[in-house]
Amino acid sequence: MKSSKPNILILMADQLTPAALAAYGNRVCKTPNIDALAAGGVVFDSAYSNSPLCAPSRYVFMSGKLPSAIGAYDNAAELGAEVLTFGHYLRHAGYRTILAGKMHFCGADQLHGFEERLTTDIYPADFGWTPDWEKPEQRPSWYHNMSSVIDAGPCIRTNQLDFDEEVVAAARQKLFDMARDDDERPFCMLVSLTHPHDPYAIAGQYWNLYRDEDIDMPRVTLEPAQLDPHSRRLRHVSDMDSTPVTQQQIRNARHAYYGAVSYVDEQIGHIRRTLEQCGVADDTVILLLADHGDMLGERGLWYKMNFFEGAARVPLIVHAPLRFQPRRVAESVSLADILPTLVDLAFNGDAPAYPEAIAGRSLFSHVQGRAGHDEVIGEYLGEGALAPIVMIRRGPYKFVHSPVDPDQLYHLPDDCYELNNLVNDSESADVLKQFRQEVGQRWNLPKLHEQVVASQRRRRFHFAAQSQGVQEHWDYQPVQDASRRFMRNHIDLDKLEAMARFPAVKSN
């Protein structure tokens, strides 16, 4: 792993809101390893998911393009094989590209530029979770419901614990393997955990890190009638209206979520120690981020699927203290910016021309302490919507628009809980007019609506057809060649043992 280019390790947590981290002001959650990354890194205080739902957000993160440009509409959308990802860009630049964990790829291509994939995914790769905007009153069985909150608490085992422990073990093993092989290419490894995503259940040792009375409760409580139309639809989609929850159940859910965040933090510590053991910690740039946040009961909402801060904001920390001085960045940035940032890291800011235009913009100037862009463009095209929902975050403002809903305009420095919609404020009329004009210039929303509905129809039909007769599944199957593992006769035993020992024994 010797190269003039830095290694890159991306640590991704699922549904991790920055509001749960001490680095972003939380005073309850215990995350010493993330705290250390933040103390020695560049912390982005206003980073966003461009589409606050698992698959679309990850597709944007991988491609640097918005959902409407690549058909990344919802959790059953396919990421096309021809879509260029940072895996392709970095592999083209001479990197070993490696994925361990969840990416929610749907479709036959399950690599998308990664040279190696160490684990399968926790979610299905087919079109079975396609929403139906034409039947908003129907709740498919795969939608979120409130069992995650009602049943929140400690456990011994879950499938998410099974998955994440496999992911971390595979990632650490790969780091040890690379330390012992003779491939001198730098690596870009993405380690993607499924915690702290609901259901809110976590092993007792992490639950017991917190006392019940110390768990902070939601700061904003709104009745359904006080909510915007999309939030009311989300309550229906997640069966919140017919499933009331108690204050203790809310506290339990947040308690378990904090325990899951501490679990993620511990896994980060294991991986960082492995970097140190392999002697590559100083040569590795670490990015910590999430695909989206979690409302955690704020405004009476749970999970994600909206552009409020709890769901749309993500943590973003770039840790490379020998390259970038620790600092905080106030400008608004997004996951779409990760691809060009990784390319700039690979070429030290002198990246060659791109083969195509992308929506993201590099954060290289931000991490160097120079002026950078301050803008996020968002699109939500998944369940709970009746039409495209778009968002512009720029300067102090956030503007959210959908053809079927009233506009929302918030001045976040003065209204961090987004309680004062400025659409009827006369002093904000010019700002509102400019945002509305920009939406009209950026998007053809009627056409986008037609494209989404047509895609939904095709994919539902496709899934129904594929479910008949003999089924061929797209779920990734990790491949291991047992004939090349541990002790085998393809290499002399003494030579094999010497090759496997790290660090190598020096000859006298």
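A: We begin with residue classes: Ala, Val, Leu, Ile, Met, Phe, Trp, Tyr, Cys and Pro count as nonpolar, Asp, Glu, Lys and Arg as charged, and the others, including Gly, as polar. Keep in mind that this is a predicted model.

Q: How does the lining of the second largest pocket divide by these classes?

A: It holds 14 nonpolar, 5 polar and 12 charged residues. The second largest pocket has about 830 Å³ of space and 31 lining residues. Nearest its centre are Ala19, Arg219, Glu298, Glu309 and Tyr417. Strand E2 (42–48), helix H9 (247–277) and helix H10 (309–312) each give at least two residues to this lining.

Q: Which residues lie closest to the centre of the largest pocket?

A: The space in the largest pocket comes to about 1,100 Å³. Its lining has 25 residues, and those closest to the centre are Gln173, Asp177, Arg180, Arg484 and Arg485.

Q: Which elements give two or more residues to the lining of the largest pocket?

A: They are strand E4 (116–117), helix H6 (159–180) and helix H15 (493–500). The largest share is that of H6, with 7 residues. By class, the lining of the largest pocket has 11 nonpolar, 4 polar and 10 charged residues.

Q: Now the sheets. What holds the strands of a sheet together?

A: Strands of a sheet pair through backbone hydrogen bonds, and the pairing is either parallel or antiparallel. In this model, 4 strands make an open sheet with antiparallel pairing, in the order E12-E13-E14-E15.

Q: Why is one side of strand E12 and of strand E15 left without a neighbour in the sheet?

A: E12 (375–380) and E15 (405–411) stand at the edges and each has a single partner strand, so one side of each has no neighbour in the sheet. As for orientation, neighbouring strands of this sheet are turned by 10° against each other on average, with direction ignored.

Q: How many bridges pair E14 with E15?

A: Strand E14 (residues 397–402) pairs with E15 over 5 bridges, in the antiparallel sense. Among the bridge partners, Tyr397 goes with His411 of E15, and Val400 goes with Gln408 of E15. The two strands are joined by a hairpin through 2 residues.

Q: Is E15 mostly covered or mostly uncovered?

A: A residue counts as buried when its relative accessible area is under 20%. In E15, 6 of the 7 residues are buried, which leaves the strand mostly covered.

Note on methods
Residues numbered from 1 in each chain as written. Predicted model: local features only at pLDDT ≥ 70, side-chain atom pairs only at ≥ 80, totals over all residues. Heavy atoms only, no water. Pairing = 2+ DSSP bridges. Axes fitted to C-alpha atoms, helices over the stretch in contact; angles between N-to-C directions. 1 Å grid on protein atoms, 1.4 Å probe; cavity = no way out; pocket = protein on both sides within 12 Å on 5 of 7 lines; lining within 4 Å. Points joined across faces, edges and corners; volume = space filled by probe spheres on them. Buried < 20%, exposed > 50% of the residue type's maximum accessible area, 1.4 Å probe, protein only.
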